[in-house]
Amino acid sequence: MADLDIGLHCQLEHCRQRDFLPFVCDGCSGIFCLEHRSRESHSCPEVTVIKERLKSDMHTSYPCSYKECVEKELVPVICPYCEKNFCLRHRHQSDHECEKLEIPKPRMATTQKLVKDIIDSKTGETAVKRRKGAKNSATAAKVALMKLKMHAEGDKSLPQTERVYLQVFLPKESKEKSKPMFFCRQWSIGKVIDLAASLASLKNNNNKLTGEKLRLCHMTSGEALPLDHTLEMWIAKEDCPLYNGGNIILEYLNEEEQFLKNVDSYLE
């Protein structure tokens, strides 16, 4: 019976064994028997290339440029200012005494004071002491503005650039003490009152000739804002201005009343 020509010989020179189910190496595409099918067993050139590459990568390191520091990193850590390489411990400008490090200017003291004022305004005792000062009220309003923007109600179609956020303290007989709202800076005080009354579900008789009328009153002076004035006019005032993020009182007053009494009681 003639020999069957089935299978292939192992490509390894010292083997040459015929295998009926030969293996093809996915690295070098050579044909090998079961014993020499792995890359290591037939000294696959692909394994050699990978090992050399790894060996080369292991020797790649980046020394620190800071004075006598001997630390090295496997990846470059470049300072974006002086463009020198440093280790992780000296990567910041102040840590490696960067030649491009800017010396703090005197105005930083003013900034630090502003930050301190904002923090102090969050505490109850400090806020009560400072609410009568226009300058300190502006600082407190900046803090309040961030909170108001998250919860305030108003006309959603208004662009952000036209919005004025106010914490509106409601009339004494209201169920709620205050409500965050926003209005258009170009609106008249009368229109602001109408929207505020609607959002707070308050009775509004401002279109009637007799009876008490809803008025917006300044939180510091207690002055009832004229109905034909705009919010913009009061934000730009030099004395007793309104602040974006500040407080205002909505209360019922008789026509002859131009100032609200006991303003401080609304904050208690």
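Visitor: What covers the buried residues of α5?

Guide: The cover includes β8 (178-184), β9 (213-218), α6 (231-235) and β10 (246-253), where helices (H or I, at least four residues) and strands (E, at least two) are DSSP runs numbered from the N terminus. This is a predicted model, in which local features need pLDDT of at least 70, side-chain atom pairs count only at pLDDT 80 or more, and totals for chains, interfaces and linings use all residues. Residues are numbered from 1 along each chain as its sequence is written, and side-chain values use heavy atoms, with hydrogens and water left out.

Visitor: Which residues of α5 are buried, and what puts them on the same side?

Guide: In α5 (residues 189-199) the buried residues are Ile 189, Gly 190, Val 192, Ile 193, Ala 196 and Ala 197. They cover an arc of only 155° around the axis, and therefore lie on the same side of α5; the arc is that of the directions from the helix axis to the C-beta atoms.

Visitor: Why is Glu 99 called exposed?

Guide: Buried means under 20% relative accessible area, exposed over 50%, and partly exposed in between (1.4 Å probe, protein chains only). Glu 99 has a relative accessible area of 56%, so Glu 99 counts as exposed. Glu 99 sits in the loop between β6 (72-73) and α2 (107-121).

Visitor: Why does Ile 6 count as partly exposed?

Guide: Ile 6, found in the segment before β1 (8-9), has 40% relative accessibility, which lies between the two cut-offs, so Ile 6 counts as partly exposed.

Definitions and conventions
Contact = heavy atoms within 4.5 Å.
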